[in-house]
Amino acid sequence: MSLTPEVARRDFGTEGHLRSRFRFASGAMATAGGQTLSRWRRTFGVVPQARALAALVPGATHVDNKSGFLGRKPHRQHPGVLQLPHVRLPPALTAAAQLLLLDRAVPSVEEKVQTLTNYLWSRHLPVEPEELQRRAVHLEKKILENPDSPQTEDKLREAVLRALRRTTYHWQELRYNEELSLVYMAARLDGGFAAVSRALHEIHTRSPQFQPQTLMDFGSGTGSVAWAAHATWGQSLREYVCVDSSAAMLDLAEKLLKGGSQSGEPYVRGVFFRQFLPVSPKVQFDVVVAAFALSELPSAADRAAVLHTLWRKTSHFLVLVENGTKAGHQLLMDARDLVLKGKEKSPLDPRPGFVFAPCPHELPCPQLMASQPLACSFSQGYHPIPFSWNKKPKEEKFSMVILARGFPEDANRWPRITQPVLRRPRHVHCHLCCPDGHMQHAVITASRHGRYRRCDQINGMWQGPAAHIDIAFLFHRDVYRCARASSWGDLLPVTTPPDSPPLPTQGPPES
């Protein structure tokens, strides 16, 4: 009788039971190589999981031990862990926000909050004049190809304009009055605080010796950046400059600092509010932040001018945060390239810039170079302001870029985990953005002896004497434990051996 998959499952049990038998099999069976295991796989109709879902990373083979690595800390506290627990707003900020919304009594506030949230999340960048002109020329040619097209120039222009309005995203500048500012506070204060806290936490964790004294927040809005910076570096910061073009927003941010009134004592001292950027080229700040502000500028030329100004005013770190959408990620990558490739040098600070986070390189973003571009985004949990409609914990999805002055040798260039870690029995799936500029889907497994072994690449398939039903490449046990303790957005503290084979180019898989 032939050994069909049904008979095999009946006589030998499930695949998990078979895996257990193979795991404790003698060395002779393991030495039989991948061919014996492949025949069993084909017999059971099972696709090898590592090859069906991922390309293994031959370069990430051992832990970076040059700085003492863990010391006495457990693996769950390895130096690449950057994810914050669920963020809570400071009690003073929560109380002030509740008081302001209660005093103003905005009608249908819950509906307005939801509408504004949906609008901000789905917002696209404005269409540039050159792109608009190109579309108009294309539509005019298409209309003229129709024999029933308008004959006069005025009618043709009207037809082109109607088609443009129908097919082009209509971007509008948001003008914040007192009521809209309160609605924005109820919708975005807590989520914006969580995203900025996560970005500043990365700097604080990876550069604990950095103690900034001055900070500038461009597009400060409700002032959440000042609160997040105070929670991160409250002992060292002595000056906060909040810049926003809306007088209503600045007034609201000042009230939040004073407990919901104009006459109270500010919770954070040294905060100054401005409607315009400081003019003097000599004025620099240790940290410059633009959170959800670049997307509010009407054109690429305006964004470029603002970015050059912000970079000139940066003495250490420039932090850019946007929504975790493709539009937000593309905007940040354009801003990153503009700063890194910019020929304009500050006369007071000629130091070059490099990407501190999240990219471990200055190469083109592999997420955008893939056949199906994906947004490089991260998620931070937070406890929202406890309004009547806002009770359960939430997740803020955002994209960020942190640029620093100096040289990239000063920072750890470890792979970044760009998607949620998939933990399975005895193996872990990690999607990594690697220092060589490629995306890799790594399947990291536990070695039976706590050592890693090099395997030979034969005909594009990873094989070796220690291969078994789950393992195609054996990693050091520290790598496995660190990967299992890591989360989306963390760094995996591994290095690439100098004699490792080159990594194949591979686009990021769908999550």
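## Ser181 and its surroundings

Ser181 touches Tyr176, Ala248, Met249 and Leu252, not counting residues up to four places away in sequence; contact means heavy atoms within 4.5 Å. Ser181 is buried, at 2% relative accessible area. Buried means under 20% relative accessible area, exposed over 50%, and partly exposed in between (1.4 Å probe, protein chains only). Ser181 sits in helix α10.

## Basis of the model

This is a predicted model: local features need pLDDT of at least 70, side-chain atom pairs count only at pLDDT 80 or more, and totals for chains, interfaces and linings use all residues. Residues are numbered from 1 along each chain as its sequence is written, and side-chain values use heavy atoms, with hydrogens and water left out.

## Nonpolar cores

A nonpolar core is a set of buried Ala, Val, Leu, Ile, Met, Phe, Trp, Tyr and Cys residues joined through side-chain atoms within 4.5 Å. The largest has 67 residues; Met185, Leu256, Val319, Val321 and Ile402 touch the most other members. Helix α10 (residues 178-206) gives the most to this core, 14 residues. Apart from it lies another core of 26 residues, including Met216 and Val339.

Leu256 contacts Leu93, Ala96, Ala97, Leu100, Met185, Leu189, Thr222 and Trp227, leaving aside neighbours within four places in sequence.

## Helix α16

In α16 (residues 477-485), Val479, Tyr480, Cys482 and Ala483 are buried. The buried residues of α16 fall within an arc of 170° seen down the axis, so they line one face of the helix. The arc is taken from the directions from the helix axis to the C-beta atoms.

## Whole chain

The chain has 16 helices and 17 strands. These are DSSP runs (helices H or I, at least four residues; strands E, at least two), numbered from the N terminus. Of its 511 residues, 50% count as buried.
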